[in-house]
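Me: Please take me through this entry in question-and-answer form, giving the cut-offs behind each term as it comes up.

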Amino acid sequence: MKNILEGSRAIALTIKNINPAVVSAYPITPQTHIVEDLAKFKADGEADYEYARAESEFAAASIVLGASATGVRTYTATCSQGLLLMAEVVYNIAGMRLPIVMTCANRAVSAPINIWNDQQDVMSVRDAGWIMFFAENHQETVDQHIMAYKIAEKLKLPVMVNVDGFVLTHTYEPVEIPTREQIKKYLPDYKSTKGEFLDPNNPVTMGAFATPADYMEIREELHNDLIASKKIIDEEYKKFNKFFKQTVNGQQSTVNSPFLEYTGPSNPKVILVAMGSVIGTIKETVSEMNNIKSLAANLMREKIGILKIKIYRPFPAEEILKIIGKAKYVAVIDKSISLGQIGILASDIKAAAQGKINSKIQSFIVGLGGRDVTKEMVKKIIREVKTNGDEVKFIGK
Amino acid sequence: MKIVVKPNTSIKNKTGGWRTFYPEVSPQKCINCGLCAKVCPEGIIYKDEKAPKPYFHADLDYCKGCGLCAAECPVKAITMMLDNK
Ligand code: SF4
Ligand code: SF4
């Protein structure tokens, strides 16, 4: 059954049904209703996880790290400055191969102080070794959280589910939350591997010291495992879709995988690439062109393709190139920037495309610090990408 | 590579090479009070029972040369020497 729910509440209800043993969070701005709702469920006796209120985001991340090391399922959520404060622990979690799932409600980073949406926060920890999901809408957010636990626990890799702050966390949409019983069939109770968790009866050392003799191989292995995780992610996505048929995403799409979703003709002239909720705005913009109110018809007529990236790490380079290689112009729309370089997703795509495809790839920056991304801006990007030059452009108006 | 290991296995990492100075104990002066073993942040000073006159000395495979033992020794039995190796 579908309910009209706030994004944060939808996530909180999903987490309650996923049934972690420990939830920890720091209750101040920047934070969302997700952990507030989880605290209330606990206070009202509706949930039996241990809820640890931390003294900082650094502590919250450390508490879930410790709890996960004892071999139980954990959850935390953060965003913006909170994620930056967690950064050291975020690296430790991946390095220690703990299957932690965290929601990041993507928001801008100070200074100037700003509590609104963009994706600069997560992009600052993109190299930490986490699998990174990006959701477009509420239903996808719910689905990705359930998949995240399955993948994390199977691969012993942490997963971060990114949802656009405010745009998804504070808005209402119809969404279906699977019950605890339904989830349990797809995602059984977590059992950690024997001898690989903290247990007084069988002491082990985790996160130990590694000298130059070993460190490099350990990092290389983490990288290789992230790359290899794509196979399991693909399997789990197919399994998920069999278990939960409510998924609304990807129905109009031409190509749909756990990593990306492409909607548009097979011979596009322009492809717009983006991550998160802005995809909805792009689809709306194209739908309304030519006064015919049809996304599919307009995509054909305008020869425009829309490419949504759903998993940013491990980076689906081959899958992306297969799609964008057919277009003459590729506009990569980032809600973050590597200051002094270009948009971060754009930079990754350009690196992957080097010497392999001939499309012009241009970086466009939108929506920083909560600036609304309007249909006019999307149209402007479509016009701009077809002109000469490929320097990074800020589209603020 | 196994990253969860048994306790006490990191002793394979010989960290003594990091130091500049090493502690040299004079067995004659040492009164076996054990203070140096207590203050050593590495926990690697042991009593040598087999020596003709038992005294405390550091395991140089791990001593980082901080000099705490020399500073604390009540009878100045420890001298920090430049490690030329
Ligand atoms: S110099 Fe420091 S590390 Fe070395 S034995 Fe003395 S107290 Fe221990
Ligand atoms: S502190 Fe000095 S006297 Fe005491 S045991 Fe150590 S070396 Fe010997």
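**Backbone, packing and charge pairs in a predicted model**

Me: Where is the place of A:Pro112 in chain A?
Reply: Helices (H or I, at least four residues) and strands (E, at least two) are taken here as DSSP runs, numbered from the N terminus. On that basis, A:Pro112 has its place in the loop between strand 5 and helix 5 of chain A.

Me: Before going further, what kind of model is this?
Reply: Residues are numbered from 1 along each chain as its sequence is written, chains are lettered from A and ligands numbered from 1 in the order in which they are written, and side-chain values use heavy atoms, with hydrogens and water left out. Local features need pLDDT of at least 70, side-chain atom pairs count only at pLDDT 80 or more, and totals for chains, interfaces and linings use all residues, since this is a predicted model.

Me: What is omega for the peptide bond from A:Ala111 to A:Pro112?
Reply: A:Ala111 is found in the loop between strand 5 (101-106) and helix 5 (120-123) of chain A, and the bond joining A:Ser110 to A:Ala111 is cis, with omega about -10 degrees. The peptide bond from A:Ala111 to A:Pro112 is also cis, and its omega is near 0 degrees.

Me: Is A:Ser80 buried or exposed?
Reply: A:Ser80 is found in helix 4 (residues 80-95) of chain A, and its phi is near 45 degrees, a positive value in a residue other than glycine. Buried means under 20% relative accessible area, exposed over 50% and partly exposed in between, using a 1.4 Å probe and protein chains only. At 3% relative accessibility, A:Ser80 therefore counts as buried.

Me: What is the relative accessible area of A:Lys293?
Reply: A:Lys293 lies in the loop between helix 9 and helix 10 of chain A, and its phi is near 45 degrees, a positive value in a residue other than glycine. The residue is exposed, because its relative accessible area is 63%.

Me: Is helix 9 of chain A roughly parallel or roughly perpendicular to helix 10 of chain A?
Reply: Axes are lines fitted to C-alpha atoms, for helices over the stretch in contact, and angles run from 0 to 180 degrees between N-to-C directions; those under 35 degrees count as roughly parallel, over 145 as roughly antiparallel, 65 to 115 as roughly perpendicular and the rest as oblique. Helix 9 (residues 278-287) and helix 10 (residues 295-302) of chain A pack at an angle of about 75 degrees, with their axes 8 Å apart. Helix 9 of chain A is therefore, relative to helix 10 of chain A, roughly perpendicular.

Me: How many residues apart are B:Arg19 and B:Asp83?
Reply: A salt bridge is a side-chain nitrogen of Lys or Arg within 4 Å of a carboxyl oxygen of Asp or Glu, and B:Arg19 forms one with B:Asp83, the closest N and O atoms being 2.6 Å apart. Both residues are buried. The pair links distant parts of the chain, with B:Arg19 in the loop between strand 1 (4-5) and strand 2 (21-25) of chain B and B:Asp83 in the segment after strand 5 (78-82) of chain B, 64 residues apart.

Me: How many salt bridges are there over all chains?
Reply: A:Arg126 and A:Asp127 form one at 3.7 Å between the closest N and O atoms, where A:Arg126 is partly exposed at 22%. A:Glu136, A:Glu140, A:Glu261, A:Lys283, A:Lys308 and A:Lys310 are linked in a network of salt bridges. Over all chains, the count of salt bridges comes to 32.

Me: What pattern does chain B follow along the sequence?
Reply: Of the 85 residues of chain B, 33% count as buried. The secondary structure comes to 2 helices and 5 strands, and read along the sequence chain B follows the pattern β-β-α-β-β-α-β.

Me: How do the residues of the shell around ligand 1 divide by class?
Reply: A residue is near a molecule if one of its heavy atoms lies within 4 Å of it. Ligand 1 is surrounded by 14 residues, the closest being B:Cys40, B:Cys63, B:Cys66, B:Gly67 and B:Cys69. The residues of this shell divide into 10 nonpolar, 2 polar and 2 charged.

Terms used:
Ala, Val, Leu, Ile, Met, Phe, Trp, Tyr, Cys and Pro count as nonpolar, Asp, Glu, Lys and Arg as charged, and the others, Gly among them, as polar.
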